[in-house]
Amino acid sequence: MFDGMNATASALTAQRLRMDTASGNMANASATRGRMVDGEWEPYRRKMVTMAPQENRPSFASHLQNAERENTEGVQVTGIVEDQTPFQTMHQPGHPDADEDGNVELPNVDPLKEMVDVMGATRSYEANVTVFDAHKAMKMNAMEIGRG
């Protein structure tokens, strides 16, 4: 009965995590000390949210089973992965994390890319709120019809 609402709620949760992750990337866009690797500081690495459908069984039999069990299909977050693109390098001899040549490795975070990601997640979140409200209105109308 609440399959649509459950699927929409899972999408809302996933989009919220996507916005939080992009916000964290923006906050650490200039962090040259993200984590310690082999005794040396490594700049912050951009993180990305990966998502997949909750039920990944596309056969007819699986759809029939889902309908019988009233399973919901929605979105699940499969993980948060680090972006493996190389770090940016900038010549700043006075920086405390500069190497012997005066070069500093900076995070691989592109603020423009993060803003686009936040805008996309926001639009998806808003669309899912609209779908959730539509489901809620349909359920309320069905209850009114049931009252007679």
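This is a predicted model: local features need pLDDT of at least 70, side-chain atom pairs count only at pLDDT 80 or more; totals for chains, interfaces and linings use all residues.
**The whole chain**

The protein has 3 helices and 6 strands. Followed along the sequence, these elements run α-β-β-β-α-β-β-β-α. Of its 148 residues, 24% count as buried. The whole structure holds 11 salt bridges, and some of them are the next stops.

**Helix H1**

Select residues 3-27, which form helix H1. Now show the side chains of arginine 16 and aspartate 20, which meet in a salt bridge with an N to O distance of 3.5 Å. The two residues are 4 residues apart within H1, about one turn of the helix. Aspartate 20 is partly exposed, at a relative accessible area of 42%. Arginine 16 is also partly exposed, at 49%.

**From the H1–S1 loop to the S5–S6 loop**

Select arginine 33 and aspartate 97. They form a salt bridge whose closest N and O atoms are 2.8 Å apart. This pair links distant parts of the chain: arginine 33 sits in the loop between H1 and strand S1 (35-37), while aspartate 97 sits in the loop between S5 and S6, 64 residues apart. Arginine 33 counts as partly exposed, with 46% relative accessibility. Aspartate 97 is partly exposed too, with a relative accessible area of 23%.

**Strands S1 and S4**

Next, select arginine 35 and glutamate 82. Their salt bridge has its closest N and O atoms 3.4 Å apart. Arginine 35 belongs to strand S1 and glutamate 82 to strand S4 (residues 75-82), so the pair ties together parts that are 47 residues apart in sequence. Both ends are partly exposed: glutamate 82 has 26% relative accessibility, and arginine 35 has 39%.

Pick out aspartate 101, which lies in the loop between strand S5 (88-91) and strand S6 (103-106). Is aspartate 101 buried or exposed? Aspartate 101 counts as exposed because its relative accessible area is 53%, and the cut-off for exposed is over 50%.

**Residues 101-140**

UniProt, in an unreviewed entry, places the feature "domain: Flagellar basal-body/hook protein C-terminal" here. In the model, this span is 75% helix and 10% strand, and its end C-alpha atoms lie 68 Å apart.

Note on methods
Residues are numbered from 1 along each chain as its sequence is written. Side-chain values use heavy atoms; hydrogens and water are left out. Buried means under 20% relative accessible area, exposed over 50%, partly exposed in between (1.4 Å probe, protein chains only). UniProt positions are given in the numbering used here, feature names are shortened, and annotations may be inferred rather than shown by experiment. A salt bridge is a side-chain nitrogen of Lys or Arg within 4 Å of a carboxyl oxygen of Asp or Glu.
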